[in-house]
Amino acid sequence: MDINGKQVDPEVDKLFTQQMPPTPKASQSLHGGSKSEASLFLSDNSKRALEKIRDLMRDAIQMKKNELPDLTLSKLREEYLKLDWESRQRALLVLATQFGVDRKRVHDLISHYESLSTDGGEESDAAEAARYRTEHDLRSALMPLSARLFEQMNGQAGGLKFLVDLRADLIATVKEKNLAALRALDSELKGMFATWLGPACLELQQITWANSAALLERIVVYEAVHPISNLYDLKRRLGVGRRCYGYFHPAIPGEPLVFIEVALTNEIVGSIQNVLFEEPPIAEEEATTAIFYSISSTQTGLAGIDLGHFLIKRVVRLLRQEIPNIQTFVTLSPIPGFLKWLLPKLKLQIRYAQVGAEDIIEMSDPPSTTFKENLLLPEEESNLVEACGKDKESISGMQILHDLLTSSDHEWAKSAKLVEVLRAPLMRLCARYLIVEKKRGRALDQVTNFHVRNGASVERLNWMGDTSIKGLETSAGIMVNYIYRLENIDTNNQAYLNKGIIAASPAIEQYLQSRL
């Protein structure tokens, strides 16, 4: 039975009393506890540990005296961190299924509330007061017991970080088990984070070379866009002409929840190699342009909490105050999903050309769409075939393009001729990917969705803007500038959210006009 005396669904109970499939990952869990090897049965020790976790959860929720919960919560954290991965999944199932909403009480309150309804006549003060009391009781009853546990844990030193890490485990468990109770638990905790981590609760700090070694080490580890190769690289990113800002929470000292890296220049830069490895072109006080070239979230457990949105706006305001000459705020962003989108489309159209639509229908693994198109303009295809010295009758331009982009050594990027020939089709297709391709009315590219939702517009595509292996593999070296024009932010935001319209410069629109 659960804490309310209700019988637990035996199918759910079976999930944490019998064998569960092992996680496919053999890595350390997010709290540092090791994930166990697959076991045939839940050991007696694991059963006792889970019972202890369940009792501690119940005790923490039911505690009334102010001096006692901290001890119980500390013990709960300690015992949870001892669990192996499978036991942690079972503990989360316990929390999700046995510490939820008392549905019988909710049903009774709804029935009582309906009985208080009037026939439209004037209501007495006593009846109105009863209605307000019932509404209050109903709101309280709809709060799951797990939420009370989260609130108590958040009030304890170290509790917020524990909950962030616990949600990281929860996210991984939802991906594996995908149970409604687990999804509801995740939604509840995510909503609480959105409240606890609002802009008013966060501290903006500039991160410099003078910060502690521990903090600088975290920056190196958490940098997710352009890896920091060594201490010299880190020092350059924190030095003159460069800025790094992070959002910190007082309950998690010394650890940024999200941070952004900025380059101060006198023009919009299109090459990340220039930003990372060349010296700043001017003195900081002469800068007219701030380029946001990397933003990294540090906590897996805060997925879906849009801290980056607030961080960019705060940094823009701060830079305008500190360096009045800066009037242009622009990103230099990767396009991580471009080739993931383009290569399957090329492969599909190549299959159409090779076997024909009728034969494809009879395949055991037919393409997901019957839409046939030539992704290349006639002159683009001719240029590709000619540049590779091929016979147009023996191989298509799409096959050549696919082969070049999937080559393991990216030899095409070392050939000036191929680089020039590939520029036109890839820039055109990239503009289509960013502006036209959508999913549920939103940009298919996650980075685009983030910036245009914040009110930016797509300003410029940069050919060979990232010549690193990662850049060539993900976007054929193309990078994009999103520009934040302060006077247009609200208009762009509303146009995107309400109508799915992505604001773009005339240069980007020009690419779209040459579509097939």
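Predicted model: local features only at pLDDT ≥ 70, side-chain atom pairs only at ≥ 80, totals over all residues.
Helix α19 spans residues 446-453, and its buried residues include Thr-448, Phe-450 and Val-452. Just after α19, Gly-455 adopts a positive phi of about 105 degrees.

Side chains of opposite charge can pair when their charged atoms come close. Across the whole structure, 28 salt bridges were found. One of them joins Glu-79 to Lys-75, with the closest N and O atoms 3.3 Å apart. Both residues belong to helix α3 (residues 69-82) and are four residues apart, about one turn of the helix. Glu-79 is buried, because its relative accessibility of 8% falls under the 20% limit, whereas Lys-75, at 28%, is partly exposed. Through shared partners, salt bridges join Lys-52, Lys-75, Glu-78, Glu-79 and Lys-82 into one network.

Other salt bridges link separate elements. Asp-186 and Arg-167 meet at a distance of 2.7 Å, N to O. This pair connects helix α9, which holds Asp-186, with helix α8, which holds Arg-167, across 19 residues. Asp-186 is buried at 16% relative accessible area, and Arg-167 is buried at 3%. A further salt bridge forms between Lys-345 and Glu-373, whose closest N and O atoms are 3.4 Å apart. Lys-345 lies in helix α14 and Glu-373 in the loop between α15 and α16, so the pair ties together parts 28 residues apart in sequence.

Methods
Residues numbered from 1 in each chain as written. Heavy atoms only, no water. Buried < 20%, exposed > 50% of the residue type's maximum accessible area, 1.4 Å probe, protein only. Helix = DSSP H or I, 4+ residues; strand = E, 2+ residues; numbered from the N terminus. Salt bridge = Lys/Arg side-chain N within 4 Å of Asp/Glu carboxyl O.
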